[in-house]
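User: I am new to this structure and would like a close look at one part, the sheet, together with what surrounds it. Please go through it step by step.

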Amino acid sequence: MRHGDLLGMGNTANVYQWGNTEAIKIFHDQERSRYEASKEAKNAEIINNLNLRAPRFCGTLEYEGKQCLLYERINGPTMLMQIAPTISSISYYAKQLAQLQVEIHQVKVGIQPNLKTELSSKILSQEIISEGEKQVIKEILEHLPESNTLCHYDFHPGNIILSSEGPIIIDWLNALVGHETADVARTSMMLQSNTLPPNAPEILTRRELRELFHEEYVKEYVMLTGKEYEEITNWTAPTLAYRIGEMNGSNQIEVLAKLRMVLKR
Ligand SMILES: Nc1ncnc2c1ncn2[C@@H]1O[C@H](COP(=O)(O)OP(=O)(O)O)[C@@H](O)[C@H]1O
Ligand SMILES: [Mg+2]
């Protein structure tokens with residue numbers, strides 16, 4: 001069987017039509033596809049059983065020499081492509097993003113929290129971060145709260161498909177179990193990032209619109225949960241340090257510079 005039309009392009013994979021009702025996720029990198037597919041499959045199995053707004057996971061498949069994932073196909077644009085460059089549209093979707101995340105955070109998982117340990121081990125393995133900086137970040141992490149909340153950890157408008165049956169959350173590759181404020185700090189960091197996806201719409205390329213989206217998102221989250229803004233920003237340093245491990249070249253240098261600014265405060 002051959003894949004059909006391209007449904008979407010992400011940083012790690014392209015997704016194509018597969019038969020009449022499914023979608024196939026093909027990772028860009030052949031070497032990493034095996035590791036990434038098995039990690040995502042493990043998460044997808046767990047997500048399947050949690051009754052979330054997520055596409056049904058249909059299994060893995062060896063295709064074009066890569067390990068691929070099959071999902072229920074969701075028809076509709078991503079939230080990212082649907083946000084119009086107007087104040088009302090930005091405000092509407094920013095609030096929806098926060099509401100969906102709060103909904104996910106209602107899910108508590110009966111497994112050992114792994115968010116802090118994942119962050120810690122990735123941060124400690126980054127050669128570009130100095131030993132002194134690592135110690136400071138480790139100390140910060142140790143004092144941050146722990147919980148068994150389901151965290152998507154890649155929660156942004158490009159990972160939400162607006163289907164006729166409501167919003168569906170995709171791309172659970174990075175899901176972790178930990179404190180919900182860590183997940184919000186991660187989304188906040190991604191929304192403020194200057195690293196844009198290919199074919200970025202106006203809402204991302206115009207900085208003032210991106211900032212407005214971010215402000216509206218955080219405001220809604222704080223309003224819905226009654227949390228303090230600082231509970232989110234307390235995660236900024238470890239969140240940026242972890243991000244360094246996902247970046248390379250000038251993007252990585254930019255995140256490192258941001259991290260150093262935060263650590264100086
Ligand atoms: N189940 C699906 N049905 C329809 N389109 C999908 C599905 N999963 C992903 N896509 C499309 O493919 C894009 C990339 O998929 P995603 O899983 O987010 O990959 P990446 O990990 O590279 O970000 C999405 O933004 C979306 O447009
Ligand atoms: Mg994605």
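S2 and S3 are paired antiparallel through six bridges; two strands count as paired if DSSP finds at least two bridges between them. Strands (E, at least two residues) and helices (H or I, at least four) are DSSP runs, numbered from the N terminus. The model is a predicted one, in which local features need pLDDT of at least 70 and side-chain atom pairs count only at pLDDT 80 or more, while totals for chains, interfaces and linings use all residues. Residues are numbered from 1 along each chain as its sequence is written, and chains are lettered from A and ligands numbered from 1 in the order in which they are written.

Within this pair, glutamine 17 lies opposite alanine 23 of S3. In general, strands of a sheet pair through backbone hydrogen bonds, either parallel or antiparallel. Here the pairing is antiparallel, and five strands make up an open sheet in the order S1-S2-S3-S5-S4. S1 and strand S4 (57–63) are the edges; each has a single partner strand, so one side of each is left without a neighbour in the sheet. On average, neighbouring strands of the sheet are turned by 25 degrees against each other, direction ignored.

Helix H1 (residues 30–48) packs on the sheet and touches S3, S4 and S5. The direction of H1 makes about 30 degrees with that of S5. Axes are lines fitted to C-alpha atoms, for helices over the stretch in contact, and angles run from 0 to 180 degrees between N-to-C directions.

The domain assignment gives domain 1 (6–72) and domain 2 (79–264); such bounds come from an automatic or database assignment. Between the two, 14 residues of domain 1 are in contact with 13 residues of domain 2, contact being C-beta atoms, placed from the backbone, within 7 Å. H1 supplies the largest share of the side of domain 1 that touches domain 2, six residues. The centres of the two domains, taken over C-alpha atoms, are 22 Å apart.

Strand S1 (6–9), strand S2 (13–18), strand S3 (22–27) and strand S5 (66–72) are the elements that give two or more residues to the shell around ligand 1. Of the 20 residues around ligand 1, Gly8, Gly10, Thr12, Val15 and Asp171 come nearest; a residue is near if its C-beta atom, placed from the backbone, lies within 6 Å. Domain 1 and domain 2 each give at least three residues to this shell.
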